[in-house]
Amino acid sequence: MKDKILSLLKKNNFDYVSGEMISKELNITRSAIWKYMKALKEDGYKIDSVTNKGYLLLSSPDVITYGEICNSLTTKYIGRNYNYFSTIDSTSTKAKDLASKNYPEGTTIISELQTCGRGRMGRTWVSPSGKGLFFSIILRPNVDPYSVGILTFVAAAAIHKSLKSFNIDTTIKWPNDIYLDNKKVCGILTELNCELSSVNYVVLGIGLNVNTTLEDYPSDIQTVATSLKIHCGQNISRQLLLASILNNFEDLYEKYKNNDITEALSICRNYSNVIGKEIYLINKNSHEKVLAKNINDDGSLLVIDADNKERTIYSGEISVRPVH
């Protein structure tokens, strides 16, 4: 109900909204309105109230609650079942728990702070409070389990499109990273629960560094990680960016479910930071220099090895920098 009241206040951003109008619109009592207004103020919203005029929203805190993004959201189901936390261990861990309880497709779990954020290969993702976008989406596509890997490219394309709308040009590193100024700004993690021939659910996890500063990162990753703020020199609206990503993702995801991945793959190819370059394939105890030739239609990476032979890489770790 707080989100509905907040939405009314935002729609009438420069005018007072009468208690009578809120009461009729939402079918709640004046006493209930007062309690919700009090709760919104405790959340950091500044609201002016005047007798016989009503309530006026003066300012909003920098939070990514549903009430802050719903007016910019155009999706039908992605992000509509919205689970917001101020602190959580991992949004993906929570998403898997909710998915096992049959929460619907599109359910989104998002938190201001992750205490155990995870990336690929079991790595920790730095998730300072109130500065990034750390969220997971429950998906239930009716596809073959082998087709799920493409979802990483669908998400990367959606993020790239959204950042482009903010005049931020990024590149995409196969298979799941977004780069800015040759540094990692976003990671995507896809986790699958399936039977032999059917998908039970997919949890798509995204960690995007938005308003973090260099000091927020441990010294050992300051040379390889960045944020939108570091690049732009100013804060970026997390609310508008999140809504944009969810909107773009639903559009590309719907195409994916209809066997149309043309746009997503085209973006990942055109803005790849590995195609046409020498890269390193990393195994546990070795690394191999190859030339990245292209991304295949199934999302695998086509490379040319030292013997001038074409090989297909379906998964694994690569580096665009020399490996020591």
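Buried here means under 20% relative accessible area, exposed means over 50%, and partly exposed is in between (1.4 Å probe, protein chains only). The model is predicted, so local features need pLDDT of at least 70 and side-chain atom pairs count only at pLDDT 80 or more, while totals for chains, interfaces and linings use all residues. Residues are numbered from 1 along each chain as its sequence is written, and side-chain values use heavy atoms, with hydrogens and water left out.

Let's start with charges. Take a side-chain nitrogen of Lys or Arg within 4 Å of a carboxyl oxygen of Asp or Glu as a salt bridge, and the count is 21. One of them joins K2 and D43, with the closest N and O atoms 2.5 Å apart. K2 sits in helix α1 and D43 in the loop between α3 and β1, 41 residues apart; helices (H or I, at least four residues) and strands (E, at least two) are DSSP runs, numbered from the N terminus. D43 is partly exposed at 38%, and K2 is partly exposed at 29%.

R238 and D62 also form a salt bridge, at 3.5 Å from N to O. R238 lies in helix α8 and D62 in the loop between β2 and α4, so this pair ties together parts 176 residues apart in sequence. R238 is buried at 0%, whereas D62 is partly exposed at 40%.

Now for the rings in helix α8. F249 and Y253 are four residues apart there, about one helical turn. Rings of Phe, Tyr and Trp (its six-membered ring) pair if their centres lie within 6.5 Å, with planes under 30 degrees apart counting as stacked, over 60 as edge-to-face and the rest as tilted. Ring pairs link F249, Y253 and Y256 into a cluster.
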